[in-house]
Amino acid sequence: MSTVRHVVVGGGVAAASTVATLRSGGFDGELVLVSDDDTVPYERPPLSKDFLEPGSPPTPTLIREPQWYADHQVQTLLGVKAQRLDPRARRLKLSTGESLSYDGLVLATGVRARPAPGDASDRILTLRSLADAKLLRSRLASAEHVAVLGGGFIGCEVAATAVGLGKRATIVERADVLMNKALGHSIGAIFTDIHRAKGVELHLNSVVLGVHDTGSSAVVRTNHGSIEADLVVVGAGSLPNVELAAEAGIVTDNGIVTDQFCRTNVPNVYAAGDVASSYHPFYNQHLRVEHHDTATRHGAAAARNLLGHDEPFLEAHWFWSDQYEHNLQRTGRAEGSDEVVIRGSLDDLKFSAFALRDGRIRSVISLNQPRDVIAVRRLLFVDHDVTADKLRDQAMPLNRLRSRMPASATAEERTS
Ligand SMILES: Cc1cc2nc3c(=O)[nH]c(=O)nc-3n(C[C@H](O)[C@H](O)[C@H](O)COP(=O)(O)OP(=O)(O)OC[C@H]3O[C@@H](n4cnc5c(N)ncnc54)[C@H](O)[C@@H]3O)c2cc1C
């Protein structure tokens, strides 16, 4: 073994993917994962879904078993926070008082939940970690009425789970439809109807002014009055964990800023996952996305670049959400599109909505039609030729839209 040491800070899927890719890519030096969570990296998506159900196992879905880290000589420092980074000395100061030198460093510090304005109490919860989910699960079991602040993904998923458990659920949302930011107004309106039909009480166009624990309930004060509930779940967005980087002089701007190779402005320091605001060559802008798949691929890309491969991170972002019996997926970005085409049936809640510009698909949102998303992911950054009629024709396989591209095409050619 060489004496080179790479350190990965973070305990999420991006960090897990970084260490796995470093090892599978042939790195045989010392490898250390520093996470302030006390569990090896686990999956967060189930935490707002199945995990909350009383019959589900109370243990997380691990990305890799603890034995994997031992077998691959990955030292896991769990329950340890990286407190200070000295890029000149290439050292990390840890909460244990020790300091750790590194040759390469990947920051995969993720995000934290934005707190609610008002009291901190075990009736007013956020949801990000396994510990959060365990507390929510136990509080949910005895609650009759759950108020969810924020009609984004996590809020909607928690409300759906609560309704599935027979609870009364209320969502308080600032916009006039749910999931407006992620899905746009028209598809957001469809989801709003889905939740309403399931019995969720909706307080739309409502701004939360404060949340208070009365000792026997939690009261949410909004610009339209007050809501009393047994439990409040705050799904009001997130804040990227940039402090370690920012205090070390690494450029941050709504995340840790990186180039297309996951490199920060400081030599040998990379960033990946939810915390990273990475330059994306296809969109010609920095983007920070909070999707599981992106974090996984991003961590792998950071590892490959640390190993010297110089591969731009050129992924089509993709996410999914499960609410009630519905599966929602999206890939691509709709900005700049000028036409929306529906394939399938809005009435049957089985459709894909394509956003187009200049004969190209910019994004697709699919409800209960996941195959369309798989096909579009492969098309987004390659030449393709599309018309509204072709898309509406359900008999026409979407992969037929791909134009022939020489196998030798470079990444730049493919994105031009
Ligand atoms: C409840 C929930 C449900 C979700 N559902 C979906 C879904 O259905 N579909 C989807 O696409 N995405 C979903 N996501 C988003 C997805 O889980 C995230 O995009 C993904 O977890 C991001 O991984 P990450 O490794 O970048 O960051 P994180 O998972 O946030 O991990 C960062 C880790 O770094 C640790 N850390 C931070 N700072 C330090 C430090 N200084 N020292 C040591 N450790 C530190 C943190 O404690 C944390 O463990 C969901 C997220 C949540 C919370």
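This is a predicted model: local features need pLDDT of at least 70, side-chain atom pairs count only at pLDDT 80 or more; totals for chains, interfaces and linings use all residues.
1. Start with who sits around the ligand. There are 33 residues around it, and Asp36, Arg44, Lys49, Arg128 and Asp274 come nearest. By type, the residues of this shell split into 14 nonpolar, 11 polar and eight charged.

2. A side-chain N or O atom of Asp36 is 2.4 Å from a ligand oxygen. For Asp274, a polar side-chain atom lies 2.8 Å from an oxygen of the ligand.

3. How much of the ligand does the protein bury? On its own the ligand exposes 1,000 Å², and 93% of that is buried by the protein. The elements giving two or more residues to the shell are helices H1 (13–24), H4 (153–164) and H8 (292–306), along with strands S2 (30–35) and S22 (318–323).

4. Next, helix H6, residues 185–197.

5. Which residues of H6 are buried? They are Ile187, Gly188, Ile190, Phe191, Thr192, Ile194 and His195. Keep the helix geometry in mind as you look at them: with 3.6 residues a turn, an α-helix has residues three or four places apart pointing the same way.

6. Finally, check what comes just after H6: Gly199 has a positive phi there, about 100 degrees.

Definitions and conventions: Residues are numbered from 1 along each chain as its sequence is written. Side-chain values use heavy atoms; hydrogens and water are left out. A residue is near a molecule or strand if one of its heavy atoms lies within 4 Å of it. A polar contact is a pair of N or O atoms within 3.5 Å; within protein, one must be able to donate a hydrogen and the other to accept it, and residues adjacent in sequence count only if both atoms are side-chain atoms. Accessible areas come from the Shrake-Rupley method with a 1.4 Å probe; for residues, only the protein chains shown count as cover. Helices (H or I, at least four residues) and strands (E, at least two) are DSSP runs, numbered from the N terminus. Ala, Val, Leu, Ile, Met, Phe, Trp, Tyr, Cys and Pro count as nonpolar, Asp, Glu, Lys and Arg as charged, and the others, Gly among them, as polar. Buried means under 20% relative accessible area, exposed over 50%, partly exposed in between (1.4 Å probe, protein chains only).
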